[in-house]
Amino acid sequence: MSAPKKPTGLVAATFTPLTTQGEIILSEIGPYIDYLTEKQGVRNIFVNGTTGESMSLSVAERKKLAEEWCSKAKGKMEHVIVNVGCLSLKDSQELARHAAEVEADAIAAMAPFFFKPNNADVLRTFLQEVASAAPTLPFYYYHIPSLTGVNVPVRDLLEDIQSVIPSFRGVKFSGTDLMDFGLCVSYSPPNWTIFYGVDEQLLSALVMGAQGAVGSTYNYLGSHINKLVSAFEKGDLVEARTIQFKLQELLKYAKTFGFDLGVNKQLMIQLSGLTLGPPRLPVKPCPPAHALSIAQKFQSIFPEQDQSELN
């Protein structure tokens, strides 16, 4: 396959705009992309992932969303990575083929988590079958053991993986095992990207060699976290730590309200002004007053943020 530009830097894991009746809002995706590029300086997105409520969406809805994100991102975003992971292999393959049709830049898939793969060989075979449905697209493994319950060491999965998945290009590592993460980085060839996906520990991952980061908070904190990455690259660890500690302080406060997807989505609405709607059940919506309180805390921690964005 051809060698597209390697994705690096911040990747926003996008929320899915929904009406109060739970229907997807495609018209909000264009303004959402403009917000990310113009306000946050983020030019890569991870679509239909955990933040996007993919497991609560139908295959048809995920196709509509992928098509709209890819269409509206043309000329504005550098990379659109579409998560095609499902419990059903056939559904994952269908979404992978569709992602190729709508010209996504890459696809990703997590491990199925009802009937779980219990070792690296089985997981590798499952991912091979998914990737084979879209062989021209770069493929990433989406590791998120806190939600899937699949704790297969990623380094074991990577062993000789390109011999069975030629399109394999890296990992979205949303786990806290930095030893496993480091082993993945040290094993990776130059054309892979090992993204880190635990926002509050990003600096640790950068030290271990992360080449990029995928996260939900980069939707509204991208401009600040870009400064963290820049400071790290310049060797200014004091500045990088200062920004990381600010993010940790914000999330510690947010967790007093139960910082789940519903709270996170409402905070994004509060800070961005976008119409994203509530989450879909079984995730509960967040009371706006809770999100306002977190947004005010955000303002106190990151005071350069425009006050008008809280209104």
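**View 1. Phe115 sits in the loop between strand E4 (106–110) and helix H4 (120–131) of this predicted model.** Helices (H or I, at least four residues) and strands (E, at least two) are DSSP runs, numbered from the N terminus. With 71% relative accessibility, Phe115 counts as exposed; the classes here are buried for under 20% relative accessible area, exposed for over 50%, and partly exposed in between (1.4 Å probe, protein chains only). Together with Leu87 and Phe114, Phe115 makes a nonpolar surface patch of about 410 Å². Patches consist of residues with over 30% relative accessible area and no salt bridge, where like charges are joined within 9 Å and nonpolar side chains (Val, Leu, Ile, Met, Phe, Trp, Tyr) within 5 Å. The areas come from the Shrake-Rupley method with a 1.4 Å probe, and for residues only the protein chains shown count as cover.

A quick note on reading these views: residues are numbered from 1 along each chain as its sequence is written, and side-chain values use heavy atoms, with hydrogens and water left out. Local features need pLDDT of at least 70 and side-chain atom pairs count only at pLDDT 80 or more, while totals for chains, interfaces and linings use all residues.

**View 2. Eight strands form a closed barrel in the order E1-E2-E3-E4-E5-E6-E7-E8, with parallel pairing.** On average, neighbouring strands of this sheet are turned by 25° against each other, direction ignored. Angles run from 0 to 180 degrees between N-to-C directions, and axes are lines fitted to C-alpha atoms, for helices over the stretch in contact. Two strands pair if DSSP finds at least two bridges between them; E2 (residues 44–47) and E3 (residues 79–83) pair in the parallel sense over four bridges. Look here for Phe46, which stands opposite Ile81 in E3.

**View 3. Lys63 belongs to helix H2.** Its relative accessible area of 23% makes Lys63 partly exposed. Leaving aside neighbours within four places in sequence, Lys63 is in contact (heavy atoms within 4.5 Å) with Glu94, Leu95 and His98.

**View 4. Lys72 and Glu68 meet through their side chains in a salt bridge (2.7 Å, N to O).** A salt bridge is a side-chain nitrogen of Lys or Arg within 4 Å of a carboxyl oxygen of Asp or Glu, and a search of the whole structure finds nine of them. Lys72 and Glu68 both lie in helix H2, four residues apart, about one turn of the helix. Lys72 is partly exposed at 36% relative accessibility, whereas Glu68 is buried at 17%.

**View 5. Lys74 forms a salt bridge with Glu103, with the closest N and O atoms 2.8 Å apart.** Lys74 is in the loop between H2 and E3, and Glu103 is in the loop between helix H3 (89–101) and E4, so the pair ties together parts that are 29 residues apart in sequence. Lys74 is partly exposed, with a relative accessible area of 48%.

**View 6. Asp121 and Arg124 join their side chains in a salt bridge (2.8 Å, N to O).** The two residues are three apart in helix H4, separated by about one helical turn. Arg124 is buried, with a relative accessible area of 11%.
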